[in-house]
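Colleague: Before I use this model, I would like to go through the contacts and the terms used for them.

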Amino acid sequence: MATEERKKELLEKLKQAVIEYDEDTAKEGAQEVLDEGINANDAIFDGLVVGMQEVGKLFEAQEYFVPELLMCADALYAGLDILKPHVEQLDLGVKGSVVIGTVEGDVHDIGKNIVKMMFDVAGFEVYDLGRDVPLDQFVEEQIKTDSELVCLSAMMTTTMVGMQKVIDNLKAKNPNVKIMIGGAPVSKDIAEKWGADGYADDATNALSDAIKMIGSLKEMKDDAEGKNKE
Amino acid sequence: MSVSEMSSKDRVTRLFKKEETDRVPCFSGMGNVTTTGLDELGYKFAQVHLDAKQMAETAVTTPKLFGFDSCVLPFDLCVEAEALGAVINTYPHSEDLLYPTIKEKVIKNEDEMEISVPEDLVGRGRVPLMHEAIGIAKKEAGGEIPVGSYVLGPFTLAGQIMELNDLLKLSFKKADKVGKLLEILSGVIVKVAKVYEDAGIDFITVREMGATSDVLSPRVFKNLILPHLQNIIKELNVPSVVHVCGKTNDIVGFMMESGADAISVDQKNDITETRKKLGNDALVFGNFDPYNVLVAGTPDLIREAITKCIDDGVSAVWPGCDIWPTVPPENFKAMIDTVKEHRR
């Protein structure tokens with residue numbers, strides 16, 4: 001069993017690997033975590049996620065842009081893929097499954113993929129329909145998988161309007177389903193008017209919001225484990 | 001000619017020459033087809049991209065119905081990519097308004113980035129159709145309405161022919177490789193633009209929206225993209241506009257350095273700041289929100305937003321992106337009326 005000091009060192013290594021978009025180091029660190037018997041959940045939330053939160057700050061400060069963010073996400077996944085099979089199921093109060101995809105007519109999926117990362121980290125069952133998804137498919141998939149949450153993404157004004165139809169159809173078939181919409185042209189007004197439960201209003205905000213949401217999952221984990229310092 | 005009799009074409013021509021106009025021009029270099037126009041002609045949106053006559057007739061409905069100061073074609077962003085061999089989807093089955101997208105990319109992995117440009121590039125895809133459509137639009141416009149067209153910027157075109165994910169990461173990891181691709185694509189863009197010029201367009205917009213500061217750092221814009229934009233612009237003979245959407249305040253100087261006659265920005269640009277940076281002489285077009293204001297807004301909101309654009313100092317009232325076709329006619333009218341009534 002690793003000492004507290006060694007554990008700290010490895011968590012720092014994972015964090016830095018994400019910040020410095022270093023996939024190899026992320027893999028190496030994750031393997032060391034497993035080999036030395038450190039809790040995989042801690043490695044994810046106190047290592048990889050802390051790194052991603054830092055990336056979110058750099059992104060907001062415009063030190064990092066989307067290319068860096070994508071590379072950091074690759075590093076996070078490199079570590080996550082190794083750690084995930086060893087994760088104990090945590091009860092964070094938010095668990096379940098989510099249907100996610102980019103609406104028909106839109107072939108941009110970067111924002112969607114970053115949001116998906118958040119759900120992957122949180123241990124959700126993610127049904128990723130990909131991009132350019134026919135509107136009916138969201139409804140079919142939600143019914144088939146009985147998912148609690150549906151996330152729709154559109155990058156361009158010219159495709160955003162299709163989301164309204166999906167929301168109407170989903171709510172008609174299953175009034176309890178929660179719907180999040182996001183993408184460059186989406187506004188709070190639109191989300192409210194169309195009956196969505198959550199929104200992220202532009203590319204930058206969608207990405208940093210997604211990262212912040214990972215951050216709040218980390219807080220929930222800390223709460224669940226009674227580890228908060230307060 | 002008295003100033004009060006200015007046609008849209010006179011107005012826009014004089015604007016590009018930085019000469020006085022009777023009022024602030026209200027036009028666009030990006031798509032501005034409306035469902036009102038389509039319905040009047042009985043055309044389906046999915047079809048108008050594939051038929052020169054239908055495309056041209058549809059394009060001129062916006063100035064004819066609403067007094068907008070330009071007609072612009074094509075309506076989608078796939079012409080250049082298609083000529084390079086990408087396969088497009090026009091969603092013929094759909095009753096909704098869906099713009100054509102690329103369903104099959106040209107470059108499938110990093111090793112395929114040194115593409116060879118087909119000899120007969122301008123004879124491929126819809127480039128010949130565009131030549132014909134612009135010719136018809138010119139006739140329909142009858143010398144009263146300027147006919148505009150657009151090409152993509154090299155980075156945006158690269159994002160159409162390869163995975164955007166890969167392009168973005170490579171623009172950071174292997175900038176030289178991306179630079180080489182942008183050079184090849186700049187040649188493609190110039191060739192297509194020449195076809196449009198030959199067909200008689202009055203102005204052209206280079207749409208480099210993939211290079212917004214929401215996505216790419218201003219430094220990358222300057223080092224990786226600007227040199228290619230400059231190479232494209234210097235080949236153009238008609239007045240040119242460089243458009244970037246999203247965050248642009250940090251790159252408006254670089255956009256101007258492209259050599260374009262004007263720059264176009266969207267609602268995220270702080271025009272007052274841009275004016276401070278570029279001075280009063282620069283042509284800055286923008287910057288109302290073409291969906292949340294023009295389509296979803298009320299005539300009152302539109303009057304307010306358009307007045308703000310003019311007061312902030314735009315050289316022409318111009319949408320931040322393609323106009324979404326379902327704009328209510330009374331909203332379009334409110335925009336044009338505001339521009340006509342405005343006194344500088």
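**Contacts between chains and domains**

Modeller: This is a predicted model. In it, 23 residues of chain B are in contact with 21 residues of chain A.

Colleague: What makes two residues count as in contact?

Modeller: Their C-beta atoms, placed from the backbone, lie within 7 Å. The 23 residues of chain B are therefore counted because each meets that cut-off with a residue of chain A.

Colleague: Which elements of chain B supply at least two residues of the side that touches chain A?

Modeller: β3 (101-104) and α8 (164-173) of chain B do. The largest share, six residues, comes from α8(B).

Colleague: Why are 4-88 and 97-208 of chain A called domains?

Modeller: The bounds come from an automatic or database domain assignment, and for chain A that assignment gives domain 1 (4-88) and domain 2 (97-208).

Colleague: How do you know that domain 1 of chain A touches domain 2 of chain A?

Modeller: By the contact cut-off of 7 Å, 12 residues of domain 1 of chain A are in contact with eight residues of domain 2 of chain A. On the domain 1 side, α3 (40-60) and α4 (66-83) of chain A give two or more residues each. α4(A) gives the most, with six residues. By class, that side of domain 1 has 10 nonpolar, one polar and one charged residues.

Methods
Residues are numbered from 1 along each chain as its sequence is written. Chains are lettered from A and ligands numbered from 1 in the order in which they are written. This is a predicted model: local features need pLDDT of at least 70, side-chain atom pairs count only at pLDDT 80 or more; totals for chains, interfaces and linings use all residues. Helices (H or I, at least four residues) and strands (E, at least two) are DSSP runs, numbered from the N terminus. Ala, Val, Leu, Ile, Met, Phe, Trp, Tyr, Cys and Pro count as nonpolar, Asp, Glu, Lys and Arg as charged, and the others, Gly among them, as polar.
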